Amino acid sequence: VQAKEMASGSGSRVNKDAESLLRYSLPINNKEVRKVQANIEEIRTSIASKRTSAALDFLSKAQKGLKSDTEKMTKSCRDPAACKTIIG
């Protein structure tokens with residue numbers, strides 16, 4: 001539901017980034033992956049609007065999500081071992 005809201009722009013901000021909309025349309029049904037993706041999208045938005053401290057905050061959140069939710073994220077991969085190697 002959250003990814004759908006992020007992609008459609010039904011929240012407070014409308015997403016007009018074509019690449020981002022394509023990423024959100026991927027059939028990923030993993031809450032943890034979508035959380036990290038949302039943080040990465042916010043990093044891009046913050047950098048574009050020159051909000052350095054906000055970008056660093058979202059970077060920290062994305063890194064923590066990757067470290068703490070690795071097992072949950074790899075469950076939705078075709079090859080969990082390969083995904084675990086990529087995530088670290």
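This briefing covers confidence, a pocket, a disulfide, salt bridges and two further residues.

The model is predicted. Its chain has a mean pLDDT of 82, and 86% of its residues reach 70 or more. A search of the whole structure turns up 1 disulfide. The salt bridges number 2. Cys77 and Cys83 take part in two of the topics below: they are joined by the disulfide, and they are among the residues nearest the centre of the second largest pocket.

**Confidence**

- Helix H4 has the highest mean pLDDT among the elements of the chain, at 93.
- Helix H1, residues 2–8, has the lowest, at 53.

**The second largest pocket**

- The volume of this pocket is about 270 Å³.
- Its lining is made up of 13 residues.
- Val33, Met73, Cys77, Cys83 and Ile87 lie nearest the centre of the pocket.
- Two elements give two or more residues each to the lining: helix H3 (31–48) and helix H6 (80–87).
- Helix H3 gives the most, with 5 residues.
- By class, the lining holds 9 nonpolar residues, 2 polar ones and 2 charged ones.

**The disulfide**

- Cysteine 77 is linked to cysteine 83, with an S to S distance of 2.2 Å.
- The link is left-handed, with -110 degrees about the S-S bond.
- Cysteine 83 has a relative accessible area of 18%, so it counts as buried, the cut-off being under 20%.

- Aspartate 57 pairs with lysine 61 in a salt bridge.
- The closest N and O atoms of aspartate 57 and lysine 61 are 3.7 Å apart. The pair counts as a salt bridge because the cut-off is within 4 Å.
- Both residues belong to helix H4, residues 52–68. They are 4 residues apart, so about one helical turn separates them.
- Aspartate 57 is partly exposed, at 38% relative accessible area.
- Lysine 61 is also partly exposed, at 40%.

- Glutamate 71 forms a salt bridge with lysine 84. Their closest N and O atoms are 2.6 Å apart.
- Glutamate 71 sits in helix H5 (residues 70–74) and lysine 84 in helix H6, so this pair ties together parts that are 13 residues apart in sequence.
- Glutamate 71 is partly exposed, with a relative accessibility of 47%.
- Lysine 84 is partly exposed as well, with a relative accessible area of 40%.

**Isoleucine 40 and lysine 61**

- Isoleucine 40 is located in helix H3. Lysine 61, the salt-bridge partner of aspartate 57, is in helix H4.
- In sequence, isoleucine 40 and lysine 61 are 21 residues apart. In space, they are 9.0 Å apart, C-alpha to C-alpha.
- Isoleucine 40 is partly exposed, at 40% relative accessible area.

**Lysine 50 in the H3–H4 loop**

- Lysine 50 is found in the loop between H3 and H4.
- The phi angle of lysine 50 is near 60 degrees. This is a positive value in a residue other than glycine.
- Lysine 50 has a relative accessibility of 74%, so it counts as exposed, the cut-off being over 50%.

Technical notes:
Residues numbered from 1 in each chain as written. Predicted model: local features only at pLDDT ≥ 70, side-chain atom pairs only at ≥ 80, totals over all residues. Heavy atoms only, no water. 1 Å grid on protein atoms, 1.4 Å probe; cavity = no way out; pocket = protein on both sides within 12 Å on 5 of 7 lines; lining within 4 Å. Points joined across faces, edges and corners; volume = space filled by probe spheres on them. Nonpolar A, V, L, I, M, F, W, Y, C, P; charged D, E, K, R; others polar. Disulfide = S-S within 2.5 Å. Buried < 20%, exposed > 50% of the residue type's maximum accessible area, 1.4 Å probe, protein only. Salt bridge = Lys/Arg side-chain N within 4 Å of Asp/Glu carboxyl O. pLDDT = per-residue confidence, 0-100.
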